[in-house]
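Please consult the sequence and the model while reading.

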Amino acid sequence: MIDDLAVQFNVEFNILGYLLSFVQFGFIVGTLTFALLTLADRFSPSRIFMICAFLGSICNLLLLVPNITVFNLLTARFGTGFFLAGIYPVGMKIASDYYKGGLGRALGYLVGALVLGTAFPHFINEFSWSRDYKAVIISTSILAIIGGLSMWWLVNDGPYRRPVSKLQLGVITQLFSIPNFRKAAFGYFGHMWELYAFWGFVPIILKTYADIHRIELQVSFWSFVVIGIGTISCILGGLISLRTGSRKVAYNSLLISAILCITSPLLFKFPPQWFIVVLCIWGMVVISDSPQFSTMVASTSPPELRGTALTITNSIGFAITIISIQLLSFLLDKLDPTLLYLFLGIGPILGLYSIRK
């Protein structure tokens, strides 16, 4: 959908990278704002979720304004990202307020739902009635509104919520002074270097393979499958974490991801069936560690600051995604496309080093 939107504008720079990164940039500013003001720990998380779902859907619909300028387009993308800060980390905060144990499983389901939502626009785009990207934008905005209303009506604040009564400045420094929190956070940062760059470039990986082998591929459908299959791995990882612990699931997922990044040039030499299979495996392990890292972050932070802890790690993690997305966008026309994804291995390797003990 994003690449279809990008071709509507005749500009001298690679607008695709900016359309992807401005959502990340908005999310970074939003999560930083939420963290500094400790909003998720001071006010009802369910209410914050609903309000941000509404405002985020409005920003998304602004993309349909006739004759929209590039500046307003990027501003709308920024706004969507900003209000996502009140959805993703706040959703994890709500889950942590409901579970004293087994949080890894709960977050596995929650992040699995996020993955399915991320893949869903590719699914919509596959149908002939939705070849126009406008249908995708309208559909996802309506779903966001429904999700916000459902959260407000059906989900109360959790029994383990410990609200903070006043603004606490300096809380970020306090959190990163905790050794185990710091290790979990840096492992998460390594994971984030790879995740959104991989998701954003899945259609390009598929198109590159199709061009090399001169075959037809259903890019939107297979993009949905490769990204959406991460839903299954998040749920399985959550269930496995009940027996092995979150760290082991995160470590093994990150290890396989690192191997796939390093060997990615070989992926384009595989026959089509094996190419799809390996790409699906990559789609599974690239995200299966995410809920477990969030579990580690939540469990190593003070209960009254879990919302802020999850929010600030998200903020820094998404800041890192801007660098990796922009790096791949910059190298896209300057490097053999089969070598492009070697650079994604930097994050998993550094993440593995962080959580090795």
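Does Phe-189 count as buried or exposed? At 8% relative accessibility, Phe-189 counts as buried, where buried means under 20% relative accessible area, exposed over 50%, and partly exposed in between (1.4 Å probe, protein chains only). This is a predicted model, in which local features need pLDDT of at least 70 and side-chain atom pairs count only at pLDDT 80 or more, while totals for chains, interfaces and linings use all residues. Residues are numbered from 1 along each chain as its sequence is written, and side-chain values use heavy atoms, with hydrogens and water left out.

A pair of aromatic rings is described by the distance of the centres and the angle of the planes. Rings of Phe, Tyr and Trp (its six-membered ring) pair if their centres lie within 6.5 Å; planes under 30 degrees apart count as stacked, over 60 as edge-to-face and the rest as tilted. Across the whole structure, a search finds 16 aromatic pairs. One of them joins Phe-22 and Phe-25 edge-to-face, at 6.2 Å centre to centre and with 75° between the planes. These two residues are separated by about one helical turn because they stand three residues apart in helix H2 (residues 15-36); helices (H or I, at least four residues) and strands (E, at least two) are DSSP runs, numbered from the N terminus. Phe-22 is partly exposed, at 24% relative accessibility, and Phe-25 is partly exposed as well, at 40%.

Phe-186 and Phe-189 also form an edge-to-face pair, with 5.5 Å between centres and 70° between the planes. Being three residues apart in helix H10 (residues 179-213), they too are separated by about one helical turn.

Charged side chains meet rings elsewhere. A charge sits over a ring if NZ of Lys or CZ of Arg is within 6 Å of the ring centre and within 35 degrees of the ring normal. Lys-334 lies over the face of Phe-330, 4.4 Å from the ring centre, and the charged end of Arg-356 sits over the ring of Tyr-353, 4.0 Å from its centre.

Finally, Ser-264 belongs to helix H14 (residues 264-267) and is buried, with a relative accessible area of 2%. Leaving aside residues up to four places away in sequence, Ser-264 touches Trp-282, Thr-338, Tyr-341 and Leu-342, contact meaning heavy atoms within 4.5 Å.
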